[in-house]
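This briefing is intended for reading alongside the sequence and the coordinates.

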Amino acid sequence: MQQLLQDTLATAPLGVTILLSLVVILLHSFVKNSERAQAMVSVAGLAIAAAAAFWTFPMRGTAFSGMVMTGGYASAMSVLFIAGAALTILLARDYLGKIGADFGEFHILVLLAVTGMMAFASGLDLIVTFIGLEVMSVCLYVLAGMTRGRLEANEASLKYFLLGAFATGFFLYGIALIYGAAGTTNLAAIAQSASARAQDPLFLAGCGLLLVGFAFKVGAVPFHMWVPDVYEGAPSVVTGFMSTAAKASAFAAFMLVFIAKFDIAHGRISLALAMLSVASMVLGNVVAISQTSIKRMLAYSSIAHAGYMLIGLAAGTPAAISGVLFYLLSYLFTNIGAFGVVSIIENEKQENVSIESFAGLGTRRPLLGALMSLFLFSLVGLPPLSGFFGKYYIFYAAIAEGYTWLTIVGVLTSMISIYYYLRVVVVMYFRSDTDATAVPVTTLGTASLLLSAAGVLVFGFFPRLITDIADTLF
Amino acid sequence: MIESYIPIFLILAVAVVFGVVSANMSWLLGPQRPNRAKNSTYESGMEPVRTAHDRFSVKYYMVAVLFILFDIEVVFMYPWAVQYRNLGLYGFVEMVVFIGILLVGFVYVIKKGALQWD
Amino acid sequence: MIPISHYLILSAVMFTIGCAGVLTRRNAIIIFMCIELMLNSVNLTFVAFSAYLGDSAGQIIVFFVMAVAAAEAAVGLAIVLALFRNKKSVDINDVNILKW
């Protein structure tokens, strides 16, 4: 009993988020038309969960018979997911009502997805990793198709669901083979005997299948087919959430299992990761050039960003890992902000947003134009914004580890990306607007965008705030 | 090895013979005098009015989906029930938490009216 | 005693059949059934390993996989239903408005 209490306290961020989602479900069930209150309760509860994460940060260890990780890495990643969810919920207040999808279930699903992400990123047993992944994914399948009257949303969620469940099959088969070879699903126990099993074909096949599952979830080429369609069809704020928090949790679990903490494949997947990385960077950046829809362009850019982060995973040194963590945080603020601006434009235009829809935004709405430019510059990786330092740390660590060729590909493809990001800025400032009507943005949406922008600037000017913490996580 | 399967083959043979014989016995022994009323779908019942290949109400679907969800959760209670004494208070508290979470979902379902038939 | 390799081969064959079904069939419901076949072949692997290793964890994992598969089934059927209401079709060749 003492043990149960202790374990519950050590996993407080997860517990608080689960309780919070239950509270919001009850609020939604018993009080009609309380969507606004639900959003406020969710954000307040997420603040408590973040406080719990800070409080549990020093409690490094394991809980529930070594099934979940507590403190350190788990707490830090929890804060990341909570930040993403809070920004998304704030942005969604304006957006959902205007697209006719102001469902209270949105908040419940976002909160449950966050619990899944936390379990995914802190599982020390492959079965916890799997359940976390599924809790997150099932919520995201529904969120992607939330505007159920729109055919694009139906299509996005169907594709996401079918391909996601397909990838789950591979992920699970990988776990089954590893279980058969190692006799356990506990990561610590698997890692202990990993070197002895380095030649076991059953074990290697399991690791390969697991790798396929992870590559699918982070959206790396050649497992990226779902990304553009789902990101385009899903509601913009949901896309912002999927492309940042969900991707961050997939990367966090990926690093926990394969790279940083356990390295169950014993360094044998570096080359595969490098290949995935090159393919993602090249295909993502090249195809993004030809896009006319801004959401699709950002989707391909998100594939490219997954490629940059995979450089860090291929290098696999502590410096590279802390670079990837910084990149994830930076990308979270940048991309949620960018999709937030897209969602506002989408409300104005009442249609699928093309890059041309941004014409004249810089003069029509100076603040929005400036914020969008900021996010796009950060995606390009211009100093002193946070996107620059993310790339800098990863490339630096990769060169130190001898991956110079990978870094060269990374820098060259980043140069390609300048073209399509800056095209949007050019359209915003040097193209006159057509018959646009400015839809007022409420304080909540503005606050969320400004918070994202503040994140991009603060972590750009003071990157050591994060890297100092990231270095001490394990 | 193979001898131990003989009873199974015997049972299989008996089952097949019994099934075939009893299914055809009435056709072999009974008198056959068909008429129009006898050939209708329900001999003493109502006349069927239209085709059975019709779309079913979405309510059946809602109930079916909810049934799958709540039905499968019982699977976690079997191992717990078998090991109840060994797990003690710890197991009991965990099961209360589990059922509590399910209950919140159930309240949501009821309040949403998913189980109302009309 | 049937050797473990028989179970593993059977489940690998089932997994491959499911996988091939996903890649070749065009009806969303049938694709979904193929995915369920894949998950169940994995369950078979887990149970076979569990019996072979004399470790009950594998069987508990199967319970979790079943629960997850049920949740996926509920969500998946709801998504297919939403699509059918708008499109009057569950053929994935008809689901093609999002493309570059």
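N33(A) counts as exposed because it has 8 C-beta neighbours inside 10 Å, and a residue is exposed if that number is 12 or fewer. The model is a predicted one. The points below begin with the backbone at this residue and then turn to the other topics.

**Positive phi values**

- N33(A), a residue other than glycine, has a positive phi, near 50 degrees.
- The loop between α2 (12–30) and α3 (35–56) of chain A holds N33(A).
- In chain C, K88(C) is likewise a residue other than glycine with a positive phi, here near 55 degrees.
- K88(C) is located in the segment that follows α3 of chain C.
- K88(C) counts as exposed because 8 C-beta neighbours lie inside 10 Å.
- Most residues other than glycine have a negative phi, and most peptide bonds are trans.

**Cis peptide bonds**

- V221(A) and P222(A) are joined by a cis peptide bond, with omega at about 5 degrees.
- P222(A) sits in the loop between α9 (201–218) and α10 (226–233) of chain A.
- P383(A) and P384(A) are also linked by a cis peptide bond, and omega is about 5 degrees.
- The loop between α16 (366–380) and α17 (386–400) of chain A contains P384(A).

**The largest nonpolar core**

- The largest nonpolar core has 227 residues, and those touching the most other members are I178(A), M255(A) and V324(A).
- Helix α7 (residues 151–182) of chain A provides the largest share of this core, 21 residues.
- Domain 1 (1–259) and domain 2 (269–474) of chain A each contribute at least three residues to this core.
- Apart from neighbours within four places in sequence, the contacts of M255(A) are A260(A), L313(A), I321(A) and V324(A).

**Contact between chains A and C**

- Chain C and chain A each bring 34 residues to their contact.
- On the side of chain C that touches chain A, at least two residues come from each of α1 (4–24), α2 (28–53) and α3 (57–87) of chain C.
- The largest share of that side of chain C, 16 residues, is supplied by α3(C).
- By residue class, the side of chain C that touches chain A comprises 27 nonpolar, 4 polar and 3 charged residues.

**Domains of chain B**

- Chain B is divided into domain 1 (2–39) and domain 2 (58–111).
- The centres of domain 1 and domain 2 of chain B, taken over C-alpha atoms, are 43 Å apart.

Note on methods. Residues are numbered from 1 along each chain as its sequence is written. Chains are lettered from A and ligands numbered from 1 in the order in which they are written. This is a predicted model: local features need pLDDT of at least 70, side-chain atom pairs count only at pLDDT 80 or more; totals for chains, interfaces and linings use all residues. A nonpolar core is a set of buried Ala, Val, Leu, Ile, Met, Phe, Trp, Tyr and Cys residues joined through C-beta atoms within 7 Å. A residue is buried if 20 or more other C-beta atoms lie within 10 Å of its own, exposed if 12 or fewer, and partly exposed in between; C-beta atoms are placed from the backbone. Helices (H or I, at least four residues) and strands (E, at least two) are DSSP runs, numbered from the N terminus. Domain bounds come from an automatic or database domain assignment. Two residues are in contact if their C-beta atoms, placed from the backbone, lie within 7 Å. Ala, Val, Leu, Ile, Met, Phe, Trp, Tyr, Cys and Pro count as nonpolar, Asp, Glu, Lys and Arg as charged, and the others, Gly among them, as polar.
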